[in-house]
Amino acid sequence: MKRISISPPVAALLLAVILFLLSGFLPNGFGSDLAVAQSQATNILRLAVFLGVIAAGQTLVIISGSEGIDLSSGSVVTLTAILTYVIVKGQDEKVLLALLVSLAVGGLIGLLNGAGITFLKISPFVMTLGMSGVVTGAILIINHGNVSGKVAPVMARLIARPLSTSIPIPNAIIIWLIFGVLMWLLLERTTFGKNLFALGVNRVTARLSGVNVTGMNLATYALAGALAGFGGFLLVGNTGVVFINLGQPFLFPSIAAVAVGGTLLSGGKGSYWGSMAGAIVLTLITSLLTTMQMPDSVRRMVLGATLLILISIYGRQQALRQ
Amino acid sequence: MRRSHLNALAARHPALFALALLVISLLINVILQPNMFARDTLNSNMRVFLPSILLTAGQAIVILGGGIDISVGGIVSIVNTVLATRVGLDGSPEKMWQFVFISLAAGLLAGAINGFFIAYLRLQPIITTYATSFLYAGLALFILPNPGGGIPAQIAALYRDSTPLNLPLAFYIIAIIILIWLYISSTRYGKFLFAVGGRAEAAYETAVPVTLVQFSTYVISGLMSALAGIAITMLSGSGNADIGNPMTLNSITAVVIGGNAMSGGIGGVAGPLMGAITLGFIQNIVSFAHISTWWETFVKATIIVVALAAPGVINLFRSRRA
Amino acid sequence: MAESLSARNIVKHYGGVVALSDGNLEVQAREVVALIGANGSGKSTMSKVINGVVVLDGGQLLLDGNPVHFSSPQAAKKMGIATVFQELSLIPQMTVAENIWLTREPLNRTGAIDRKRLNARTEELLALFEGTFKARLHPDDPVASLPADEKQIIEVLKAISSDPWMLILDEATASLDSRQVQRLFELVKQWQEKGKAIVFVSHRMEEIFRIADKYSVLRNGKTVGAGRMSDINEKELVKLMIAKESVFGYTRGESKASKVEPEVCLEVQELRTDYLRGIDLRAHKGELVGIGGLRGQGQRDLLLSLFGDVPYLGIIKLFGRQTSFKHPREAMKNGIALVPGDRAREGLLYIRSILENLLLPSWRQYGFPLRMGKAKKDAAEAGAGLNLKMAGLQEPVSSLSGGNAQKVVIGKWLMRSPQVLLLDDPTKGVDVGTKAEFYVLLSRLCEEGKTILFYSSDDEELIGMCDRVVVLHDGLISTELSGSTLTKENLVAASLGVLNGGAQ
């Protein structure tokens with residue numbers, strides 16, 4: 001009897017579906033009302049978009065191996081959201097500029113991360129954690145408590161609203177799907193992607209096969225930073241407001257999402273589809289807890305326990321004795 | 001000849017660099033705060049540094065053994081919230097002692113949980129303690145959702161005003177820690193620590209009980225975190241679930257400044273303690289330097305990144321010269 | 001003190017690979033038993049089973065006739081079995097004394113380590129090898145600062161410091177010079193007289209005949225022969241070690257040397273690296289130059305510096321033009337390819353597919369987005385050309401046998417039609433049939449005008465395949481052999497540094 005093996009992204013999606021169906025049974029759930037179920041599902045997906053985009057950069061650095069991780073993405077999201085808010089000031093013409101600035105600033109911070117990790121041999125965790133503090137400090141300097149700004153109408157239109165009245169899918173989800181395809185192209189159909197996986201499996205083999213390891217490292221972290229910047233841009237387009245803790249709540253779930261999606265935390269294997277499925281699962285968990293009226297503290301404990309369980313299943317290293 | 005002599009000295013005694021930094025930061029601090037050595041000011045400074053010092057001692061041991069503990073801040077928060085809620089502002093000294101013991105037990109348990117997942121299930125230390133940090137922080141928030149509570153005023157006063165023989169209480173505690181470390185490092189267990197952190201497979205082949213040693217480092221870290229939690233509760237007199245958050249990165253930075261190798265096997269406890277005090281002085285300097293409040297966070301975070309980068313930069317220059 | 005240890009019908013696998021299928025060993029006190037076998041025969045696994053580092057999957061261990069089970073290295077140590085390892089078991093950051101006495105340091109009354117006694121005992125041990133190291137060795141020296149031969153001596157001292165009844169020397173003489181080997185053997189004789197048992201794992205015939213009383217031969221995971229050294233000679237031992245259908249009968253015959261063109265493809269002058277002390281070499285187009293010598297004499301550095309992976313001093317010229325490759329990519333672009341010595345750690349991406357492994361250096365040629373159809377076609381072609389036995393291009397490389405995995409490593413370079421091929425022990429751990437295919441492949445490449453530099457630890461291979469062999473010893477070329485001088489005796493002698501300059 002051949003063992004049926006399910007790929008992790010599919011398993012994650014199944015888990016999401018199960019969780020969603022379970023949520024229907026709860027007091028505030030949709031019960032047997034299909035219309036309500038559909039609108040709730042759409043809502044979940046729409047919420048998952050932002051976590052999904054923020055998890056994209058995380059996916060890249062984790063695939064690159066060597067304990068790659070980006071703890072600065074939370075604060076980068078907040079920073080670029082504020083910058084967008086301040087630059088746009090409600091004017092449609094400034095939106096493109098804000099997007100470019102978000103990408104550039106995120107990319108620069110990512111590049112600094114990459115430089116510290118590659119040239120100064122600081123571990124990715126410690127480097128990005130330290131950077132996160134610096135970015136938060138920068139936010140306070142810009143923020144000074146309050147910022148004045150406004151999101152442009154076109155942003156709200158493109159991100160928060162649906163495509164058209166006949167197609168009730170929010171634009172954000174469509175953007176996410178296109179984004180997902182682009183990420184797939186990057187990982188599976190470019191030299192960069194192939195090199196990234198090679199890096200994650202075995203840096204020595206990669207180097208001896210001609211891969212420019214240093215360049216790849218810098219590029220990966222820079223790209224991750226830029227993607228976090230994009231996430232901040234999208235997020236503010238959805239929420240319309242900014243505050244100091246805008247991005248931070250997405251950080252831990254983004255890592256958990258990548259793990260749920262089947263990307264090995266040791267690197268060298270994984271996909272963005274998996275992270276997308278993971279983002280949906282995590283958004284479901286969070287919204288389930290909110291529906292059950294669980295406080296933030298319980299949410300944190302559940303997330304912590306979830307990651308712990310995940311790595312216990314997927315992340316065990318070689319035993320000392322063979 | 002002179003230069004290489006200095007290099008060899010630095011390689012054999014990594015804490016020398018920490019000592020140099022300590023002296024420099026001490027001098028600058030004295031310039032900005034001339035009455036620093038007055039009994040009350042010195043006491044005030046040292047008791048502010050003490051929680052960080054205790055935390056750093058535990059972190060130094062974990063890192064020496066080849067691991068890392070990101071959950072230390074979370075354990076501090078748990079202890080703080082437990083004391084603040086269970087003992088309360090009008091609690092009795094007996095209750096305080098009772099819960100001090102409970103806190104120590106909690107710290108040991110939290111450390112044992114970390115140690116179990118890392119040493120026995122062989123999960124990666126960074127991601128595991130990151131997951132448990134969320135778990136512990138969530139628990140702290142659950143115990144005390146809003147800042148409040150506290151400990152009896154007279155106990156806080158005991159901590160604040162204790163100056164046996166006109167020296168701050170903290171001095172004695174630091175001395176005790178160093179004495180304990182000096183003893184431990186001269187026992188077989190001490191050599192086990194260096195062996196496991198230096199090269200775990202070689203230690204295993206030499207019949208060193210690697211798993212047990214790794215487990216013990218996390219238990220020790222848990223205990224020290226609990227002690228730090230008690231100290232900080234006595235310092236602030238009240239409860240706050242976020243109190244441990246900034247302490248984690250501080251403890252890691254102090255260990256790096258102190259000359260311990262992040263990969264393990266090199267260093268000690270004296271260096272990191274000096275690093276913790278140095279960081280304390282630096283933070284004092286920033287406060288006294290009349291930098292606007294908005295810039296303070298940024299400057300302090302940048303200093304941490306610079307401190308983390310320092311060993312890497314020094315190594316870069318050394319290899320360029322070679 | 002125990003008197004005997006028996007290992008009977010030992011079975012051990014690592015994942016899907018069978019390291020031992022029927023290992024046997026009988027060791028008695030006052031005896032030196034040589035455990036012999038070619039690379040990949042399972043001798044290292046055997047010694048690891050006996051000293052408790054790996055768990056056996058089948059078979060029995062009997063100590064003085066009673067079954068024992070070693071649950072860890074500690075358990076074996078308690079039974080009085082100590083090992084001198086091949087892969088050093090020293091902690092680089094700790095000192096000589098600390099390493100020797102780790103877990104057994106003398107304690108004083110307070111439970112702390114008694115440093116005076118520690119140093120005194122260390123000095124006693126160091127005195128055993130007095131006069132055989134270049135400078136004075138101190139108990140406080142950090143091990144990381146010691147050269148390989150002194151590290152190996154510390155390993156020996158560490159093992160003997162626990163006064164074991166059985167000592168396993170696992171390729172312990174590999175890094176030692178002749179004076180140190182002589183001293184070690186004197187000590188072994190002393191320990192034998194004291195009642196100890198010694199297991200000498202090695203493939204160095206000369207040493208085996210010097211020191212051992214008995215032999216036990218492993219081949220492909222099975223014990224194929226055992227007995228007294230006095231009842232056997234070298235030829236018969238070698239016969240036991242290698243398979244009957246000797247592939248080593250293969251020679252390139254007439255195709256050798258006749259097709260070599262006079263054009264110099266690769267030239268090296270005064271090459272210096274950490275291990276090389278000044279190498280001059282020339283390779284012509286269509287030539288198969290062998291690099292010989294005992295492991296660790298600089299062969300790896302030579303190949304890596306040509307490939308741009310290690311920094312070097314000196315001059316390297318490709319077709320007359322001086323090059324200075326700072327990264328393998330640059331070497332690749334100039335038509336050089338390297339098949340590294342450790343395919344698991346340096347040559348393959350184990351969890352990725354065969355397709356991805358074959359195309360790793362070449363993706364750039366497939367455009368953006370990558371034309372997967374063409375990539376699959378090219379990979380299939382390359383695989384077919386190498387007679388690669390696989391379930392499919394999408395299967396992970398870990399599903400392949402050793403020989404086929406090595407084909408993937410070579411295949412990924414052949415797809416780029418390189419001009420120069422650098423091979424670091426390419427047939428290590430490869431089965432007989434695949435080896436034969438390799439030899440045919442290499443011959444064909446030479447006929448096509450490629451230049452090959454080929455390091456092998458297998459002397460027969462070098463003799464059968466190469467037009468010329470340069471033998472490295474201690475970072476220098478000790479001699480160059482070709483034609484009639486390319487014989488096994490000369491190779492072995494040159495490897496030990498006996499011949500210099502000319503051949504006999």
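How many of the 15 residues of α4(B) are buried?

Guide: This is a predicted model, and everything that follows should be read with that in mind. Of the 15 residues of α4(B), 13 are buried, and the helix is therefore described as mostly covered, a residue counting as buried when 20 or more other C-beta atoms lie within 10 Å of its own. Just after α4(B) comes Gly88(B), which takes a positive phi of about 75 degrees.

Helix α13 of chain B, residues 270-288, has 19 residues and reaches 27 Å from its first C-alpha to its last, close to the 27 Å expected at 1.5 Å a residue. Like α4(B), which has 13 of its 15 residues buried, α13(B) is mostly covered, with 14 of its 19 residues buried. The residue His290(B), which follows α13(B), has a positive phi, near 55 degrees.

Taken along the principal axes, the C-alpha atoms of chain B fill a box of roughly 65 × 50 × 40 Å. Buried residues make up 54% of the 322 residues of chain B, and, among its contacts between residues at least 6 apart in sequence, 81% join residues at least 24 apart.

From there one can turn to what chain B touches, beginning with chain A. In that interface, 36 residues of chain B are in contact with 40 residues of chain A. On the side of chain B that touches chain A, α6 (125-143), α12 (245-257) and α14 (293-321) each supply at least two residues, and α14(B) gives the most, with 13 residues. By class, this side of chain B has 28 nonpolar, seven polar and one charged residues.

Chain A itself has 13 helices and zero strands. Its radius of gyration is 20 Å, close to the 20 Å that the globule rule gives for 322 residues, so chain A is as compact as a globular protein of that length. The C-alpha trace of chain A spans about 55 × 55 × 35 Å along its principal axes. In chain A, buried residues make up 54% of the 322 residues, while 76% of the contacts between residues at least 6 apart in sequence join residues at least 24 apart.

Chain B also meets chain C, where 18 residues of chain C are in contact with 18 residues of chain B. On the chain C side, the largest share comes from helix α2 (residues 73-78) of chain C, which gives three residues, and the residues of that side divide into ten nonpolar, five polar and three charged.

Within chain C, the strands can be followed in turn. Strand β6 of chain C, residues 81-84, is covered on both faces, with Ile81(C) and Thr83(C) buried on one side and Ala82(C) and Val84(C) buried on the other. β6(C) pairs with strand β7 (residues 166-170) of chain C in the parallel sense, over four bridges; in this pairing Met166(C) is the bridge partner of Ile81(C), and Leu169(C) stands opposite Val84(C). In β7(C), five of its five residues are buried, with Met166(C), Ile168(C) and Asp170(C) on one side and Leu167(C) and Leu169(C) on the other. Beyond it, β7(C) is joined to strand β8 (residues 197-202) of chain C by five bridges, and these two strands run parallel; here the bridge partner of Asp170(C) is Val201(C) in β8(C).

As for the predictor's own confidence, the mean pLDDT of chain C is 85, with 92% of its residues reaching 70 or more, and the complex is given an ipTM of 0.86 and a pTM of 0.86.

Key. Residues numbered from 1 in each chain as written. Chains lettered and ligands numbered in written order. Predicted model: local features only at pLDDT ≥ 70, side-chain atom pairs only at ≥ 80, totals over all residues. Buried ≥ 20, exposed ≤ 12 C-beta atoms within 10 Å, placed from the backbone. Pairing = 2+ DSSP bridges. Rg over C-alpha atoms; globule rule 2.2 N^0.38 Å. Contact = placed C-beta atoms within 7 Å. Nonpolar A, V, L, I, M, F, W, Y, C, P; charged D, E, K, R; others polar. Expected span 1.5 Å × (residues − 1). pLDDT = per-residue confidence, 0-100.
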